[in-house]
Structure formats: C-alpha cells, structure tokens
Amino acid sequence: MPPIQRFYRQHLKPYLPGALAGAFLFTLGNSVQAMILVALKLMFDVQFKMGGNVSQLPGPLQKLASLLPDPKIIQNNLLFIPGLIALFFFLRGLLVYGGTVLVARSGMKAVRDLRERLFGKLLSQDPVYFQKHPVGELMNRVLGDVGVVQQLASNQVSEILKQITMALVMVVYIIQKDWKLALGLLFLFPLVFLPVKTLSKLIRKQGHKAQGGADQLLQRMKEVLSNMRVVKAFAREDYETKRFKDQGHGLYRLGMRVVRIQGLSSPIMESVGGLLLAALALYGAYRINAGVMTGGDFLVFLLAIYQLYDPIRTLTKIYGEMQLSTVSLERIYDLLDTEPSLTAPKDPKPVPQTPSQLIFEDVHFSYDEKHPVLRGIDLEVRRGETVALVGGSGGGKTTLVNLVPRFFDPTQGRITVDGIDLRDFDPRQLRMRIGIVTQETLLFMDTVHDNIAYGIQASRESVEAAAKRAHAHDFIAALPKGYDTPLAETGSSLSGGQRQRIAIARALLQDPPILILDEATSALDTESERAVQAALEALMQDRTTLVIAHRLSTIQRATRICAMKHGRIVEVGTHSELLAKNGEYARLHSMQFAEA
Ligand SMILES: Nc1ncnc2c1ncn2[C@@H]1O[C@H](COP(=O)(O)OP(=O)(O)O)[C@@H](O)[C@H]1O
Ligand SMILES: [Mg+2]
C-alpha cells in the first residue's frame, strides 16, 4: 500500500468526520467564490448595461434576482453589487478559516497518534536494533519525519481539499456554461500530469538521501553534545565546527537538489497556463465577434477558467511537496513494521518469584557469524550464591551476563531459571526479576527520589530505606533539597561514586531476586569504591548474583570465581583454591598485586 494511502487508512480515517466537515466548509466557501463571479457578471451586464437589463438575464439568474425585494436595485443602487462582493469575500474568508482549522485538527490528531505509536514501537525494540540505528536517526524519525508528515496532515490536506473543492465548483460552473469547452480542457491533464509524475520519482529519491543526511547531522550533534568534555579537554571546538559545517553543507546541497526538482513544476505549469490563456483569447474573440457571447460572459468565463487552473497549479505544487511526506512516511512505517526479534512466546510461563537456580548449559553466542564470542559456557548459580567472572577484557564477560535478561539469545545451548528455558518467559516479566548495576550509571533529569524510584510509586520511607542500605542517604540528605533535589542531565552534578550508589539504591528498591553487577566499582576511586562495595554487599544479600569485577579485591568472598578467556570458562574455584592452582586467576591476581 502506498504510504500516503496507508497513513490515510490507519491514522487519518478515525478523524475523517472533522476533515469532512472542514471540506464542507471549503465547498461552501468556494461556492461563495462562484457567487462572486455571478455578482461580477451582474455588475458588467446589468449595472454597466453591457448586456441589457434584469429581464434579459438567463433563467437561473433571473430566478435569483427575483428573490430580491426589488430586482431593479441591481441597476439602480450603485452600492448594491460592490457591497455584495465585499460581503461575499468576507464570508468566504470565514468559511475557509473554519475549514482550515477543522481539517488541520484532524490531521494534527492523526499525527499525534502516529508519534505515540512510533515511540511505543521504538521502546519495544531489542538492544540489537539500537546498535544498528544510531540515536540521531531515531530522533529524526520520531521528530523530523513526523514533523514533515504533520505538514502534510495539517496544511497540505486542507490545501488539497480547498483546491479540489474549488476546482469542482468551477468545473460545474464551466460545464453548465459551455460543456464543449469543458471537454476540450480535459486535454490539459496528461500535459500536466505526465511530467509531474516523473519529477515526483526524482524528488522521492533525493528526499531519502536528504533525510539520511539529516540523520547524520543529528547524530553528530548528539555525539558532540554528549561528549562535550572530550571536545573541551582536547580543545577540538574548531575541528568539530568544521565537521559540522561540512556535513551541514552536504545537507544543504541535498536540500537544494530537492528544491530544484520540485521547482521544475513551475515552468511546466506556467507554460501550459500560457498556452491555455492564448487559446482561450482566440476562442473568446471568435465567440464575441459571432455575437454568441457578451463581454461580461467572456470575462467571467476567463476568471472561472483561471480559478480552475489555479487549483490545478497549486495541486501539482503540493503533489511535489507530498513526495517528501511520502519519504518520511516510508521511513516511519519502516520503523513501525520492524518487529522485535526477541518476542514473548504465545503462552509465556510465569517467572518464579524467588528462583532457586540459574543455569547456563553449553551456551554459545556470537554477534556476527564469523566471530564466536562465547564458546560453550556451563555455569550454575544457586540462590544466595555470588559467582564472580574475571578475565582480561574482550573475554566475553559482559556478553555472558547480558544473555540473562535476554538482551540477546544464545546462538546455541540454553539458559534456564528453575529448569525453564529463558525463551519460555515474557522478556519483560523476566527483566523485572533482574537487577543490573553497570559501570556507567544512567540517571534521568529528575529528582533524586524519582531516580531511585524510577517509574514506580514508592513512598519516601522506602526510598530512604533503600538509600540508607546503599550508603547514599548521608550525601543525599546533604544536597540542597535532599531527596527532592533535581539532578542535572544524567546526574552530572554528582560524583561517580554518588551516582553509582543511587543506581544501587534503585536496584535495592526493585528488590530483584537475580542481580548482575558488571564492573560496578571499576570507574571509582578507592575511597568511593569502599562505600560502593559496602552498598553492593548489602545488595547481594540473599540474591542470586553474577558479578564481574575488574578489581579482584572486591570478589574474594564470592562463592565461586570463574576465570574467562576467549569465550570459555577456563578455571572455577574459590579465591584461595584458584590462587593455589597458580593458573589464569593467579596470573591476573599477581598482575594487580604488582600494580598496587
Ligand atoms: N554489541 C556488540 N557487537 C559486536 N561485537 C561485540 C559487541 N559487544 C562486544 N562485542 C565483542 O565481543 C567480545 C566480548 O566482549 P565483552 O563481552 O564486552 O567482553 P568483556 O566484558 O569480557 O570485556 C569482544 O571481542 C567485543 O569486541
Ligand atoms: Mg565488559
């Protein structure tokens, strides 16, 4: 289905009554326009006595005139017709205003729904999706492309309805004046339509490129803004300005190409219009000379044809603009049609409240076919146990723990909770049982309270209790407004250790039975590490915990330590067992000991 048609069916249709009411007002307004032509004819023929008096008017007009209390008023009162014309213009203005607002309202509502669906769809995507589609592109789809469609839905639709109703009124007027001529006008359509159709294909192609350019520019913007500290620290402002300028210039050129192609419809339409007027002038001269037509008739006729031609010209211009809306709709529907690859099974099993074991059975995984990242992981973690993963970077530790909340699924083997394959759970249900604290703590521009309670209604007491166990209460209480202190973007007003403890309080409040700590203390200095470590120990109590630690000092008390290398677990044991074994773990340990 062409995207515009789909937009109409799926989004605009529910709001059709409003749009139709608007179209009705446009029709009324355009009928008034026809009345203006009638008034002009009366002015010329009757008032200026170019065509005789009232009694010589054609039938329908005479009927109209006879509705007046005194038909002669047209001849006798010089102000009557001009007054009528002014009144008609005013009336037409009011009707068009009402129509525009009604149609635009339907369009804006449709666009609002579209945007909501788009955002919802975005949130339903898997982590893989966000690796393939950078933030800039997604922002451009949800805001930029939807903005383009909003233009279509509010302005263009009303303009289209206005012009079409106008054209129809004029067609009716012309047909009943001179049907042969009306028939002759039909030859205009292929003359106009064929070149415009060819242009529209070109516009769409360039439009896709231009939107791609806008994606990239937004992405650059986002990167520079969120990496501002790097930009400043390396004094690369000029470098970034130049990169932005180059990209912006590329976008300008793409935009200009679209404008030039779009603009081509003007010379085409003007030439056709010129031919038309010339032909009509000949025709009129012939008819007036033959005495078949009065001067007033001819003038009104010309005006009517002009007013038929004008909507056609405007419509072709809008048609060109609509190609860009089509591009945006294609991009929007592309996202709306992307189904997440990790879906919930039809009949998901309930996730156990307090799972007693988490088991990896011969788990293999790769991000792409060529490079296996995990090669046969067997691992068991029982309730209350803490299993630590250690090893050099790139060994696959993060990948392994990311399989637990099903950010990805194993390519081979399986992971079970109490004997049930993770793929039999609804991923969202599963994730609600899992708490994750990573190296980067992600906070929102919200108050401290709302950051800890993230998205749930939690009392101040419970938030405070969580913060106390996370060793965060003291520094929060010292903030200007305590728990009600708003945090700057991503919590940048706090130190790394403070942010980390807020993240831990968030996990504590969720009270998940399964806990994943991925280098939660690696980014911290020794002092805040100590506070965070104490907070983590509170968090790990009575939970099934998988912990990845860079600093081996933090995991000495783990139930088991697994040393990972090249996607395999090469050693398992307690701290002292592994030291005694003098293998990989002992090697890592002595390396760190040498550092310290
Ligand atoms: N999102 C990803 N897409 C593709 N490859 C990835 C991705 N994340 C990690 N990798 C690759 O997988 C391997 C293991 O990475 P990771 O699990 O992060 O290791 P670790 O946490 O032990 O440092 C590395 O070779 C890394 O390059
Ligand atoms: Mg890692």
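1. Before we get to the sheets: two strands pair here if DSSP finds at least two bridges between them. Helices (H or I, at least four residues) and strands (E, at least two) are DSSP runs, numbered from the N terminus. With that in hand, there is an open sheet of 6 strands, in the order β6-β7-β8-β3-β9-β10, and its pairing is mixed. β6 (434-438) and β10 are at the edges with a single partner strand each, so one side of each lacks a neighbour in the sheet. Ignoring direction, neighbouring strands in this sheet are turned by 20° against each other on average; the axes behind such angles are lines fitted to C-alpha atoms, for helices over the stretch in contact, and angles run from 0 to 180 degrees between N-to-C directions.

2. Some housekeeping. This is a predicted model, where local features need pLDDT of at least 70 and side-chain atom pairs count only at pLDDT 80 or more, while totals for chains, interfaces and linings use all residues. Residues are numbered from 1 along each chain as its sequence is written, with chains lettered from A and ligands numbered from 1 in the order in which they are written.

3. On confidence: pLDDT is the predictor's confidence in each residue, from 0 to 100. The protein chain averages 88, and 97% of the residues score at least 70. Among the chain's elements, helix α3 (residues 59-66) has the lowest mean pLDDT, 70, and β4 has the highest, 96.

4. Strand β8 (residues 544-548) pairs with β3 in the parallel sense over 4 bridges, and Thr386 sits opposite Thr545 in β8. Strand β9 (residues 560-565) also runs parallel to β3, joined by 4 bridges, with Ala388 opposite Ile561 of β9.

5. Then comes the hairpin. β9 pairs with strand β10 (residues 568-573) in the antiparallel sense over 5 bridges, and Lys565 stands opposite Arg568 in β10. There are 2 residues between the strands, and His566 takes a positive phi near 50°. Worth a look on screen.

6. A second open sheet has 4 strands in the order β2-β1-β4-β5, with antiparallel pairing. Its edge strands, β2 (372-382) and β5 (420-421), each pair on one side only. Strands β1 (residues 357-366) and β4 (residues 412-417) share 5 bridges in the antiparallel sense, and Leu358 has Val417 in β4 as its bridge partner.

7. Last, a helix pair. The axes of α9 (residues 188-226) and α12 (residues 265-289) come within 10 Å and cross at roughly 170°. That makes α9 roughly antiparallel to α12, a label used for angles over 145 degrees. Leu188, Leu191, Val192, Pro195, Val196 and Leu199 of α9 meet Ser265, Ile268, Met269, Val272 and Leu276 of α12, contact being C-beta atoms, placed from the backbone, within 7 Å. The residues of this contact divide into 10 nonpolar, 1 polar and no charged.

Key. Parallel < 35°, antiparallel > 145°, perpendicular 65-115°, else oblique. Contact = placed C-beta atoms within 7 Å. Nonpolar A, V, L, I, M, F, W, Y, C, P; charged D, E, K, R; others polar.
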